[in-house]
Structure formats: structure tokens, C-alpha cells
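Dear colleague,

Please find below the structure that I am handing over to you, with its sequence. My findings follow directly after it.

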Amino acid sequence: MEDLIEEGSYLYLNDNNEILAYSLLHHSEIEDRVEFGWKGSNHISNKEKINLLVELQINFAKRKGFRLLEGEFDDMDAYAMEVLNHFSFPRDTVLLTYQKAERG
């Protein structure tokens, strides 16, 4: 992933260096912006740990002078919804997508 910002992407590790949660950050096509990337955890019970990582990302973006953080929050993604519900991000236009099934 060439647009990944490694220093702004975080892992939450346990004492055995096993990944409990992660949150990636990416460069945007617009210079003063960054984008939230994939988020996840090794088990749904660890999803709240993602919020700690996102808070680190917000602080990272502020320190680096980025003006805007963008994210896509799909209601089918429990991890994204955990973040959206935890933080009071302004909500923008909602996009609805549909999938047409092929007939066999």
C-alpha cells in the first residue's frame, strides 16, 4: 500500500506481541487530508481498543498539520460503527449502495 502512512498506523499488542487491534491511516489525494483505513481486531470483544488507536491517529494528524481526516463508515462493519459511535465526528452525506445479483 503505497499511500499507507506507517507512522500514523497503529497496532494494539498484548504482552506476547499478538495483535489485538489495528487501525491504518492513508494519504489522501488532497494534500492537507488523510484517510482512515482498515480497522479491526482479533476478536469482536476487543473492538473498543480500536478507539484508542483512532485517538492516536487524530493526535498524529493534528501534530503533522493535516486539516481534515476522512473516513468511510459502513454500517455492515462493526469496527467502523464502533468508531463512528464513540467519536462525535460530523456526519456528511450518506451514500447508499445496491448490488444486483446475477441470475444463474
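The largest nonpolar core comprises 15 residues, and those with the most contacts inside it are Leu25, Ile50 and Val54. Strand S2 (19–27), strand S3 (33–41), H1 and H2 each contribute at least two residues to this core. H1 gives the most, with six residues. In soluble globular proteins, nonpolar side chains tend to be buried together.

Please note that this is a predicted model. The mean pLDDT of the protein is 88, and 91% of its residues reach 70 or more. Confidence is highest in strand S1 (residues 10–13), at 97, and lowest in H2, at a mean of 84.

As to the overall architecture, the protein has two helices and four strands, which follow the pattern β-β-β-α-β-α along the sequence. The C-alpha trace spans about 50 × 35 × 30 Å along its principal axes. Of the 104 residues, 32% count as buried. Among contacts between residues at least 6 apart in sequence, 48% join residues at least 24 apart.

Residues up to four places away being left out, Leu25 touches Asp3, Leu4, Ile5, Gly8, Ser9, Val34, Glu35, Phe36, Gly37, Gln57, Phe60 and Leu69.

Helix H1 (residues 49–63) and helix H2 (residues 78–86) pack at an angle of about 65°, and their axes are 9 Å apart. The crossing of H1 and H2 is right-handed. On the H1 side the contact is formed by Ile50, Asn51 and Val54, which meet Tyr79, Glu82, Val83 and His86 in H2. By type, the residues of this contact divide into four nonpolar, two polar and one charged.

Finally, I looked at Leu68, which lies in strand S4 (residues 68–70). Apart from its neighbours within four places in sequence, Leu68 is in contact with Asp32, Arg33 and Val34. Leu68 and Ile30 are separated by 38 residues in sequence, while their C-alpha atoms are 9.7 Å apart in space. Val34 is a contact of Leu68 and also of Leu25.

With kind regards

How values were computed
Residues numbered from 1 in each chain as written. Predicted model: local features only at pLDDT ≥ 70, side-chain atom pairs only at ≥ 80, totals over all residues. Heavy atoms only, no water. Contact = heavy atoms within 4.5 Å. Axes fitted to C-alpha atoms, helices over the stretch in contact; angles between N-to-C directions. Left-handed = near helix turned anticlockwise from the far one by under 90°. Nonpolar A, V, L, I, M, F, W, Y, C, P; charged D, E, K, R; others polar. pLDDT = per-residue confidence, 0-100. Core = buried A, V, L, I, M, F, W, Y, C linked by side-chain atoms within 4.5 Å. Buried < 20%, exposed > 50% of the residue type's maximum accessible area, 1.4 Å probe, protein only.
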